[in-house]
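Please keep the structure in view while working through the numbered points.

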Amino acid sequence: MPVAIALGSNVGDRAAHLEHAVARLRGVLDGVRVSSFHETIPVAMRGPQGLFLNAALVGSSSGTPRDLLNLLLAIELERGRARPRANAARTLDLDLILFGAVQIDEPGLVVPHLRFRTRRFVLGPLVEIAPDMVDPLSGLSVAELVAAL
């Protein structure tokens, strides 16, 4: 199943955190492609925050969305991700954006990601590597979503 994952970091060695996540995901996903890294300003964050380094990754998963989410959370923990409060700075943030045409809304797992359609820091990197990937809720491609921003 084709999947899209957003990567972000604004604490510590941001590039190293993203590169660690990419390396781990290459071990479990097939056909991995990664966007360039984009430096962005924090959006909807509390207090002073460092700049983010963002990227997107696409690949193919033979597992379930829940399995992939659990792996993403484990990779975040490997890089010291803490969640002291909502919108806190983070060493690594991995969001499951799309999982093929699957639509899920259950506790702790919503796919497609609720806010990805309005986030340039997600869509900008994603359009580099998967412009034709389709959001199953809107029926729009990533390229069309970017054009609508």
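1. Helices and strands are DSSP runs numbered from the N terminus, a helix having at least four residues and a strand at least two. With these labels, Pro-112 is found in the loop between strand S7 and helix H3, the latter covering residues 120-129. The model is a predicted one, and the peptide bond that leads from Val-111 to Pro-112 is cis in it, with omega near -5°. As background, most peptide bonds are trans.

2. Turning to the chain as a whole, it has four helices and seven strands, and these follow the pattern β-α-β-β-β-α-β-β-β-α-α when read along the sequence. A compact globule of 149 residues would have a radius of gyration near 15 Å, and the chain, at 14 Å, agrees with this. The C-alpha atoms fill a box of roughly 35 × 30 × 30 Å along the principal axes, and buried residues make up 44% of the 149 residues. Among contacts with a separation of 6 or more, 64% come from residues 24 or more positions apart.

3. The largest nonpolar core has 24 residues, of which Ile-5, Leu-7, Leu-25 and Leu-68 touch the most other members. At least two residues of this core come from each of strand S1, helix H1 (14-26), strand S4 (52-60), helix H2 (65-78), strand S5 (93-99) and strand S7 (109-111), while H2 gives the most, with five residues. There is also a second, separate core of 15 residues, which includes Val-58, Leu-98, Leu-126 and Ile-129.

4. The contacts of Ala-6 include Ala-55, Asp-93, Leu-94 and Val-122, and although Ala-6 and Val-122 are 116 residues apart in sequence, their C-alpha atoms are 6.1 Å apart in space.

5. Which residues of helix H2 are buried, and how are they arranged around its axis? The buried ones are Pro-65, Leu-68, Leu-69, Leu-71, Leu-72, Ile-75 and Glu-76, and they line one face of the helix, because they fall within an arc of 160° when seen down the axis of H2. What covers these buried residues includes S1, H1, S5, strand S6 (104-106) and S7. H2 has 14 residues and reaches 20 Å from its first C-alpha to its last, close to the 20 Å expected at 1.5 Å a residue. Just after H2, Gly-80 takes a positive phi of about 80°, and for comparison, most residues other than glycine have a negative phi.

6. Is Ser-61 buried or exposed? At 10% relative accessibility, Ser-61 counts as buried. The side chain of Ser-61 reaches the backbone nitrogen of Gly-63 at 3.1 Å, and, leaving aside residues up to four places away in sequence, Ser-61 touches Met-1, Val-3, Leu-29 and Phe-99.

Definitions and conventions:
Residues are numbered from 1 along each chain as its sequence is written. This is a predicted model: local features need pLDDT of at least 70, side-chain atom pairs count only at pLDDT 80 or more; totals for chains, interfaces and linings use all residues. Side-chain values use heavy atoms; hydrogens and water are left out. Contact means heavy atoms within 4.5 Å. A nonpolar core is a set of buried Ala, Val, Leu, Ile, Met, Phe, Trp, Tyr and Cys residues joined through side-chain atoms within 4.5 Å. Buried means under 20% relative accessible area, exposed over 50%, partly exposed in between (1.4 Å probe, protein chains only). The expected span of a helix is 1.5 Å times one less than its number of residues. The arc is that of the directions from the helix axis to the C-beta atoms. A polar contact is a pair of N or O atoms within 3.5 Å; within protein, one must be able to donate a hydrogen and the other to accept it, and residues adjacent in sequence count only if both atoms are side-chain atoms. The radius of gyration is taken over C-alpha atoms; the globule rule is 2.2 Å times the number of residues to the power 0.38.
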